[in-house]
Amino acid sequence: MRYPDGGGLTAEQRRRREEVRMRAVDLFEEDVEVPCIARELRASEKSVYQWRRVWRTGGREALRSKGSSGYDCRLGLRLQARLETWLEEGPAAHGWTDDQMWTAARVRTLIGRKFHLSYSVSGVTRLLHRMGYSVQVPDRPAAERDEEAVATWREVTWQEVKPSGRRPGRSAASRTKRA
């Protein structure tokens with residue numbers, strides 16, 4: 001199961017789901033019908049049939065939670081704490097003096113330099129999100145913005161390239177109507 005923030009179930013959610021499966025095992029041992037179990041546990045019949053099949057082959061232990069799925073983060077909690085310290089120092093402390101903004105590409109380079117690990121830019125974005133960072137947009141416009149050039153472009157260039165908005169001629173979408 002994928003979630004938008006890149007995570008999965010929390011430990012509490014996994015524990016609750018495991019309790020539901022263990023309750024299902026108790027009902028299997030009492031020979032309760034699958035549809036009744038599904039109604040009582042508010043689960044799909046398909047899931048209950050699958051749980052019963054796993055229970056028959058592996059017993060109660062086969063339905064225990066196996067922990068979170070997927071790969072563990074290559075940067076453990078200690079390394080994430082070190083990365084956070086470096087991020088708080090700012091980009092200038094690590095060689096980016098042109099501005100004071102961390103980008104995912106810069107953080108990727110920093111991780112490569114300091115930890116000798118290769119991350120993709122999207123992987124860095126997910127890592128930063130897990131660490132509690134979010135995308136930020138500057139409050140003010142860029143210092144290089146030339147308002148006069150923007151106004152001139154809108155008045156002259158845009159008028160030349162923008163579509164007129166009118167359709168050429170009349171048309172009909174019906175087969176029975178003639179144009």
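This is a predicted model: local features need pLDDT of at least 70, side-chain atom pairs count only at pLDDT 80 or more; totals for chains, interfaces and linings use all residues.
Select Phe28 and Trp55: their ring centres lie 5.3 Å apart and their planes meet at 35°, which falls between the limits of 30 and 60 degrees, so the pair counts as tilted. With both residues still highlighted, trace the chain from one to the other, and you will see that the pair links distant parts of the chain, since Phe28 belongs to helix H1 (residues 11-29) and Trp55 to helix H3 (residues 45-58), 27 residues apart. Is Phe28 buried or exposed? Its relative accessibility is 5%, and because the limit for burial is under 20%, Phe28 counts as buried.

Stay on helix H1 and select Glu18, which has its place in that helix. Here the relative accessibility is 18%, so Glu18 also falls under the 20% limit and counts as buried.

Next, zoom out and colour by secondary structure. The protein chain comes to seven helices and zero strands, so that, read from the N terminus on, its elements run α-α-α-α-α-α-α. If you colour by accessibility instead, 20% of the 179 residues of the protein chain count as buried.

Asp31, found in the loop between H1 and helix H2 (34-41), has a positive phi of about 60° although it is not a glycine. The relative accessibility of Asp31 is 67%, and because this is over 50%, Asp31 counts as exposed. Moving along to the loop between H2 and H3, you come to Arg42, where phi is again positive, at about 55°, although Arg42 is not a glycine either. At 79% relative accessibility, Arg42 likewise counts as exposed.

Which charged residues sit over aromatic rings? Select Arg74 together with Tyr119, and you will find the charged end of Arg74 over the ring of Tyr119, at 4.4 Å from the ring centre. Then select Lys114 together with Trp86, where Lys114 lies over the face of Trp86, 5.0 Å from the centre of the ring.

The last stop is the second largest pocket, which holds about 700 Å³ of space. To find this pocket, select Met101, Trp102, Thr103, Val135 and Gln136, which lie nearest its centre among the 24 residues that line it. Which helices each supply at least two residues of the lining? They are helix H4 (77-89), helix H5 (104-115) and helix H6 (121-130), and H6 gives the most, with three residues. Colouring the lining of the second largest pocket by residue class shows 13 nonpolar residues, alongside six polar and five charged ones.

Definitions and conventions
Residues are numbered from 1 along each chain as its sequence is written. Side-chain values use heavy atoms; hydrogens and water are left out. On a 1 Å grid over the protein atoms alone, a cavity is a set of points where a 1.4 Å probe fits but cannot get out, and a pocket is an open set with protein on both sides within 12 Å along at least five of seven lines; lining residues have an atom within 4 Å of a point. Grid points are joined across faces, edges and corners, and a volume is the space filled by probe spheres set on the points. Helices (H or I, at least four residues) and strands (E, at least two) are DSSP runs, numbered from the N terminus. Ala, Val, Leu, Ile, Met, Phe, Trp, Tyr, Cys and Pro count as nonpolar, Asp, Glu, Lys and Arg as charged, and the others, Gly among them, as polar. Rings of Phe, Tyr and Trp (its six-membered ring) pair if their centres lie within 6.5 Å; planes under 30 degrees apart count as stacked, over 60 as edge-to-face and the rest as tilted. Buried means under 20% relative accessible area, exposed over 50%, partly exposed in between (1.4 Å probe, protein chains only). A charge sits over a ring if NZ of Lys or CZ of Arg is within 6 Å of the ring centre and within 35 degrees of the ring normal.
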